[in-house]
Amino acid sequence: MSHSPSRDTVLCISLAGRPGTFGVRFHNHLYRQLGLDYYYKAMTTQDLPAAVAGIRALGIRGCGVSMPYKEACLALVDEVDPSAAAIASSNTLVNTDGHLKAYNTDYLAVRQLLARHQVDPSTAFALRGSGGMAKAVASALRDAGFRDGTIVARNEQAGRQLADVCGYRWLPELGDRCPPMLVNVTPIGMAGGPDAERLAFAEAAIEAAQRVFDVVAMPARTPLIRAAEALGTPVITGLDVIALQALEQFVLYTGVRPTPEQMQAAVAFARES
């Protein structure tokens, strides 16, 4: 089918302070592959309440939510799924006949990846970061049964708060500690950022780690991931997270679950930009 939007086309959008292209390309590619009369567009706003009211009033089916709107949007919806309630943060809104429900597919994706990689919940870990995504990852670890965790964050207030909520300890720096699993949930290693070439953890900690998890998706092979791969250490990448959370959004919006091959093709297409 032609993918030119018509009056019958179902519209899905994203709201972000700085809209990206991955979601647009991923969703629209799958709509074309599966012959669905949907269209996805990235947007930004300075007026979140009006934007959410517009989603409801205009019949927009779904909305991906990025910073800085993930927490504020919860007060504007009718229902909060446990995935979003667990961390008081949402990245996905679903509109069913004017009823808005908030989900967090970042949280769902991390839970799925921990299970898929069969990570033992008795594994001690250090998680660097204290922002919204760190909250999603730390909460997913907590709810998956991980008890021995350290939140590493220079921001003491945010770091302590996240650690207290999840039942973990807080440290401003990891120091000479070398836990079995390292988790980076900061922009360290992100392409184009000031720390693009930095390692999120000390080399000694990386060398001692039994698993490395980096949520930075661009590039998928960050300095931390490359260092772990060179040592033969199992990794979970940010691309794994962004692809899986986008897939779960797609399923929520359309009710259709693509095959693994269709998903892989959509991820490859989304990464080309």
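Here are a few friendly notes on the predicted model above.

1. A word on conventions. The model is predicted, so local features need pLDDT of at least 70 and side-chain atom pairs count only at pLDDT 80 or more, while totals for chains, interfaces and linings use all residues. Residues are numbered from 1 along each chain as its sequence is written, and side-chain values use heavy atoms, leaving out hydrogens and water.

2. Overall build. The protein chain has 10 helices and 12 strands, taken as DSSP runs numbered from the N terminus (helices H or I, at least four residues; strands E, at least two). Its radius of gyration, over C-alpha atoms, is 19 Å, close to the 19 Å that the globule rule gives for 273 residues, so the chain is as compact as a globular protein of that length. That rule is 2.2 Å times the number of residues to the power 0.38. The C-alpha trace spans about 60 × 35 × 35 Å along its principal axes.

3. Burial. Of the 273 residues, 51% count as buried, meaning under 20% relative accessible area with a 1.4 Å probe, protein chains only.

4. The largest nonpolar core. This set of buried Ala, Val, Leu, Ile, Met, Phe, Trp, Tyr and Cys residues, joined through side-chain atoms within 4.5 Å, has 52 members, and Phe-26, Leu-127, Val-137 and Leu-141 have the most contacts inside it. Helix H9 (residues 238-254) gives the largest share, 8 residues.

5. Around Leu-141. Leaving aside residues up to four places away in sequence, Leu-141 touches Leu-114, Phe-125, Leu-127, Phe-146, Tyr-168 and Met-181; contact means heavy atoms within 4.5 Å.

Note on methods. Buried means under 20% relative accessible area, exposed over 50%, partly exposed in between (1.4 Å probe, protein chains only).
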